[in-house]
Amino acid sequence: STLSSIDAMAAIEAFIVLFVRYLKDGKIIDLGDLGTFRLKVTTTGEEDQDKVTSRNISKVRILFSVSRYLKDTLNKIVFEPVKKS
């Protein structure tokens, strides 16, 4: 890479800021051949729609879905036993 370690860290920090912002906005983050990230929100139900608030949220998780390309690439790996010396 032509980036210095300081520039690389700055790029990663900027990515994290945008990553969090996009997830908070309900967007799916598509990283091409790597895969996608999205939020999964678990809530408790309410009888009346007017009673639904952020307090109903019981869990928030980040879900990662690996891309088809990466799955296919990883499935082609041939593993061999390591010889003990």
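Modeller: Below we go through the sheet, the helices, the surface and a few single residues.

Biologist: Before that, what am I looking at, and what got counted?

Modeller: This is a predicted model, so to speak: local features need pLDDT of at least 70, side-chain atom pairs count only at pLDDT 80 or more, and totals for chains, interfaces and linings use all residues. Residues are numbered from 1 along each chain as its sequence is written, and side-chain values use heavy atoms, with hydrogens and water left out.

Biologist: OK, the sheet. What is the strand order, and is the pairing parallel or antiparallel?

Modeller: The order is β1-β2-β3 in an open sheet, and the pairing is antiparallel. β1 (29-30) and β3 (57-66) are at the edges with a single partner strand each, so one side of each has no neighbour in the sheet. Strands here are DSSP E runs of at least two residues, helices are H or I runs of at least four, and both are numbered from the N terminus. Two strands pair if DSSP finds at least two bridges between them.

Biologist: How many bridges join β1 to β2?

Modeller: Two bridges, with β2 covering residues 35-43. I29 stands opposite F37, and D30 is opposite T36.

Biologist: And what's in the turn of that hairpin?

Modeller: Four residues lie between β1 and β2, and G32 in the turn has a positive phi of about 60°.

Biologist: How many bridges for β2 and β3?

Modeller: Nine, again in the antiparallel sense.

Biologist: Where does helix α1 go?

Modeller: α1 (residues 5-24) lies across β1, β2 and β3, and runs at about 45° to β2. The axes are lines fitted to C-alpha atoms, for helices over the stretch in contact, and angles run from 0 to 180 degrees between N-to-C directions. Contact means heavy atoms within 4.5 Å.

Biologist: Switching to the surface: which residues form the nonpolar patch?

Modeller: M9, I12, F15, I16, V20, L31, L34 and F64, with about 680 Å² of accessible area together. The largest share, five residues, comes from α1. A patch takes residues with over 30% relative accessible area and no salt bridge, joining nonpolar side chains (Val, Leu, Ile, Met, Phe, Trp, Tyr) within 5 Å and like charges within 9 Å. Areas come from the Shrake-Rupley method with a 1.4 Å probe, and for residues only the protein chains shown count as cover.

Biologist: Where is F64, and what does it count as?

Modeller: F64 is in strand β3. It counts as partly exposed because its relative accessibility is 39%. Buried means under 20%, exposed means over 50%, and partly exposed is in between.

Biologist: How many salt bridges does a search of the whole structure find?

Modeller: One. R68 pairs with D72, and the closest N and O atoms are 3.6 Å apart. A salt bridge here is a side-chain nitrogen of Lys or Arg within 4 Å of a carboxyl oxygen of Asp or Glu.

Biologist: Where do those two lie?

Modeller: Both are in helix α2 (residues 68-75), four residues apart, about one turn of the helix. R68 is exposed at 54% relative accessibility, whereas D72 is partly exposed at 32%.

Biologist: New topic: N56. Buried or exposed?

Modeller: N56 is buried, since its relative accessible area is 5%. N56 is found in the loop between β2 and β3.

Biologist: What does N56 touch?

Modeller: Leaving aside neighbours within four places in sequence, N56 is in contact with T42, T43, T44, G45, E46 and K51.

Key. Buried < 20%, exposed > 50% of the residue type's maximum accessible area, 1.4 Å probe, protein only.
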